[in-house]
Amino acid sequence: MIRALYTSSNALFDQQQGVDALANNIANINTIGYKKSRPVFSSLLYQTQKIGMAGQDPMQIGLGSRLQATDTIMTEGTILQGQKDTDLAIEGEGFFTLLDPNSKTGGFLFTRAGDFSVDADNNLVNPDGYKVVGWLAETSQSGSGFYIPKDLTTDVPTGQLETINFSDYQDVPAVASTYIRFKANLNSSSEVQEYAPLKTSSDPKFRVNFNSVFDSNGKLLNVKDGDNFQVSFNGGQTWHTYEYDSNGSVSEGAEGFTTIDDLINDMKNDISNDGVNAQVVFENGQLTIKNTGNDVLKIRVRPTYMDKNFPNPQDNKKLTTIFENLTLNVEPNQETSTQQMETAQHIVHSFFYDSKGEKHKIDIVFTRIDQNKWSYDVVLPDNEGTLTNNTGIINFDSGGGLSPDTQSPVVGVSLHNGALPHQLLINFWNTDDGKYDGNKYTGLTQFALASDTGFQTQDGSTSGILNKLFVDNNGVIYGSYSNGKSYPIAQIAISKFTNPQGLERVGKTVFKITANVDKQDVISSNGFIGVANQGGRGSVLSRHLEASNVDLGSAFVDMIVYQRGFEASSKGLITADQILQTAINLKR
């Protein structure tokens, strides 16, 4: 009976430990990241009364039970909505990694509770001040913010594993722009909405071909080779025939012109040869003849078909109408002008930042100078400095695609405000390197659609102050700055073990490593540390927290089971006591 007393007594103690474990689970029902315990019992040694033999079973008497282990159940708890950007949860396997403040060798602690915050020293910490471990960003080599260097094959940061501290990321300096990138269409149709007065040019390559001249309503004159008209500067006594020529073939008796510059030179020579005192100028898209003599200047304009002696009349009514406006008796010191001539134009309005972080306007002016050919002129509309290498020609093919040999210009910028001179890539291709990548339609196009800038961007910025933090699914912490820029500034380390049940609880919802969590070489090399979404590790959810995985209903059921076990064991103790008492009474 003494044996029964000890067996029942041990059972009472074991059932009480089971109740203790359940009570601890219930107490932590609202503890973020808590993992419930499950008591596991085993039987004690057996006293063998008779050994087993052939035809005879062994006879053994058990000595009760003992608490063999308390398993940690690592199932995932419910994901709850958090209230801070630094409230984090892991959806899937893995643990947040903390620096063990009591370890002299830089050991780690592990937790599923991601209710983190930033302390007074800019460390990312848990509620008990334990610092979160990860990798910090480095300053970009271009000076534009920060980046996290990573192994290109594993996507794991290559920097030193350390506690996450934001002190070096509280502000970012101003960054001068290095490129302007945009997508735009230049209208190729015969009627445009964006146009500007036709201009002369001292550089022949920038002169506008008359096949790309529009009237004052934005309608193309449609000038073709052989189109001609006649002008007289002396009241019809002498007629001069001016014929559009782009191929070097001019009608007999006509003077060829391709651009307005050619036509001005022809007229100047004819006025001089006719002995007329007049001056030819071109301003605001109008050709003007001013009477500089003392006699009335009688100017006449007519289509060539009115000249019975001209062999190849080819009238272009739009072209002739432009110049018929010159017909006038011009008094001394008075003048007469053509109708206004226009050229298709589109301006990409953009901006850039200098080395001080000051913002400046910059325009890229595109002007149609020939079929499938446009000039560009990069200008500072507020005249804040000077530009170099800022003009050129671009060509398109018959399908509206930019010619593959087009080079995006690198414009030199020198400002008057004392900022450092720098270079600015004007990215016509809208590609990462500003070069043709096999697609002729990535940036500038020339379709018969209204000229339009789809979008434009640049990479410079003013200086900025850290406003807030946010975390992506890979555990990368981004800093959002007052200048509108965001940069990665750290990445959180996520640890994963082959046997997470082997972790030892140390309170405060954290665990420490034991020899039973993984292979020794993994433990010694910290091979259990990695990043989210790699090697079976789960995703990091920002503004979320993982709740306790305790099931209250199940806990209450188990509580009843242990209570009944305790009551039953107590009955065994009482029964054994009563039998002993009866045995003692036999002596009496």
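1. In this predicted model, Leu88 is positioned opposite Gly114, a residue of strand S9. Strand S6, which covers residues 87-91, pairs with S9 in the antiparallel sense, and two bridges join them.

2. That pairing belongs to an open sheet of three strands, arranged in the order S9-S6-S44 with antiparallel pairing. Strand S9 (114-115) and strand S44 (539-542) are the edge strands, as each of them pairs on one side only.

3. Turning to the surface, a nonpolar patch is formed by Tyr441, Phe447 and Leu449. Together these residues present about 270 Å² of accessible area.

4. Leu449 is located in the loop that runs between strand S35 (444-445) and strand S36 (452-458). Its relative accessibility is 52%, and Leu449 therefore counts as exposed, the cut-off for that class being over 50%.

5. As to the chain overall, the secondary structure consists of five helices and 45 strands. The chain has 588 residues, and 44% of them count as buried.

6. The contacts may be considered next. Among contacts in the chain with a separation of 6 or more, 64% are between residues 24 or more positions apart.

7. Finally, the accessible surface of the chain amounts to about 29,200 Å². Carbon and sulfur atoms account for 47% of that surface; the patch of Tyr441, Phe447 and Leu449 is a nonpolar one on the surface.

Key:
Residues numbered from 1 in each chain as written. Predicted model: local features only at pLDDT ≥ 70, side-chain atom pairs only at ≥ 80, totals over all residues. Heavy atoms only, no water. Patch = residues over 30% accessible without salt bridge, like charges linked within 9 Å, V, L, I, M, F, W, Y side chains within 5 Å. Areas by Shrake-Rupley, 256 points an atom, 1.4 Å probe, with all protein chains shown as cover. Salt bridge = Lys/Arg side-chain N within 4 Å of Asp/Glu carboxyl O. Helix = DSSP H or I, 4+ residues; strand = E, 2+ residues; numbered from the N terminus. Buried < 20%, exposed > 50% of the residue type's maximum accessible area, 1.4 Å probe, protein only. Contact = heavy atoms within 4.5 Å. Pairing = 2+ DSSP bridges.
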